[in-house]
Amino acid sequence: MKKGILGKAFISVGVAAVSITGLLPISAVADEGLVNVYSARKEALIKPLFDRFTEETGIAVNLVTGKADALLKRLEVEGSASPADLFVTVDAGRLHRAKQAGVLQVSNSDVLNKLIPTNLKDSDNYWYGMTQRARTIFYVKGKVDPSQLTTYEALADPKWKGRICVRSSNNIYNQSLVASMIDANGIKATEQWAKGLVANFAKPPAGGDTDQLRAAAAGVCDIAIANTYYFGRLLKSNKEESQAVASKLAAFWPNQDDRGVHMNVSGVGLTKHARNADNAIRLMEFMASDQSQAWYGDENNEYPVVDGAEISATLNELGRFKADDIELSKLGENNRAAVELMDRAGWK
Ligand SMILES: [Fe+2]
């Protein structure tokens with residue numbers, strides 16, 4: 001494996017896979033047999049899909065993977081010299097950042113506009129959600145009776161003092177959850193809520209979602225907030241220790257009597273200077289196909305964005321629920337207010 005120009009690993013996949021020498025891993029010229037992708041999703045969570053696309057279309061996919069913020073910066077710095085045609089990342093808040101940074105352009109795809117529900121894409125079609133995840137409440141079985149749980153809002157109740165684990169406020173998943181609550185309840189009420197939640201923390205925020213689930217299973221807290229696929233990974237793991245963590249926990253679906261569970265997406269946008277836009281749009285449409293949507297479910301325990309696409313067995317085990325159908329663009333629009341509010345509330 002060679003290193004990309006920012007030192008990020010890159011791979012060339014598909015029928016045109018060749019060993020490339022020189023500084024630039026992928027070329028910034030139009031090529032009708034090619035599409036270049038910058039992905040903040042890990043290789044394992046996207047490459048098999050691209051391989052299948054190549055098999056079906058003969059279009060090779062060059063994939064550069066890296067951290068979301070670094071790839072976004074790279075797109076900005078490269079400007080019109082960027083070889084990237086598509087930017088793949090997680091969280092609507094971050095996709096919105098990419099739109100605001102001016103590195104994306106509108107995709108004109110009737111297929112995507114028909115397949116992707118309005119609330120799961122950018123209002124101007126700069127980006128489209130491709131998979132969904134719920135950010136929900138997990139509780140320790142035997143320690144919490146699910147009848148004690150109702151809403152995200154109710155997690156600020158003093159009865160949960162010292163019992164809640166959640167990661168830090170600099171994590172975009174939490175920022176987007178708070179952004180959705182700002183939309184539902186306003187800034188003032190959400191700030192009050194955040195203060196109450198912080199007062200109920202079992203420990204200062206540290207680590208990722210899986211760490212919060214592990215901490216709950218280990219007795220550090222009784223409740224953890226996490227995205228569903230992290231729990232799905234533990235459930236499906238072939239490690240006994242991970243299965244043991246999952247077996248101690250259960251998912252609770254909050255806000256079923258009002259707006260529903262907070263949802264977010266991983267998604268993709270056509271880059272502003274894409275030279276292979278037709279191929280790029282074809283690849284996006286492929287990602288929204290039924291087979292791709294089902295693959296994401298099986299591989300990473302994510303929910304489809306396309307109505308009627310198959311939901312994986314693992315996700316079915318978690319049960320069905322009412323999902324918040326807020327327009328995800330709003331998560332991006334409320335991001336700054338969310339970050340400031342969490343800071344004022346002392347959410348580290
Ligand atoms: Fe994640």
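Me: Happy to start with a tyrosine: why is Tyr173 called buried?

Reply: Good place to begin, and keep in mind that this is a predicted model. Tyr173 has 10% relative accessibility, and buried means under 20%, so Tyr173 counts as buried.

Me: What makes Tyr229 buried?

Reply: The reasoning follows that cut-off: buried means under 20% relative accessible area, and Tyr229 is at 2%, so it counts as buried.

Me: How do you know which residues coordinate the iron ion?

Reply: Donors are N, O and S atoms within 2.8 Å of the metal. The OH atoms of Tyr173, Tyr229 and Tyr230 lie at 1.9 to 2.1 Å, so they qualify as donors. Their spacing in sequence is Y-x55-Y-Y. Tyr173 sits in helix α5 and Tyr229 in helix α8, so this pair ties together parts that are 56 residues apart in sequence.

Me: Why is the largest pocket said to lie between domain 1 and domain 2?

Reply: Because both domain 1 (18-132 + 264-316) and domain 2 (133-261 + 321-344) give residues to its lining. The largest pocket holds about 750 Å³ of space. Its lining has 29 residues, and Tyr173 is among the closest to its centre, along with Ala40, Lys42, Lys67 and Val90. By class, the lining has 8 nonpolar, 10 polar and 11 charged residues.

Me: And what makes the second largest pocket lie between domains?

Reply: Domain 1 and domain 2 both contribute to the lining of the second largest pocket, so that pocket lies between them. Its space is about 360 Å³, and its 19 lining residues divide into 11 nonpolar, 4 polar and 4 charged.

Methods. Residues numbered from 1 in each chain as written. Predicted model: local features only at pLDDT ≥ 70, side-chain atom pairs only at ≥ 80, totals over all residues. Heavy atoms only, no water. 1 Å grid on protein atoms, 1.4 Å probe; cavity = no way out; pocket = protein on both sides within 12 Å on 5 of 7 lines; lining within 4 Å. Points joined across faces, edges and corners; volume = space filled by probe spheres on them. Nonpolar A, V, L, I, M, F, W, Y, C, P; charged D, E, K, R; others polar. Domains from an automatic or database assignment. Donors = N, O, S within 2.8 Å, 3.2 Å for Na, K, Ca; no water. Helix = DSSP H or I, 4+ residues; strand = E, 2+ residues; numbered from the N terminus. Buried < 20%, exposed > 50% of the residue type's maximum accessible area, 1.4 Å probe, protein only.
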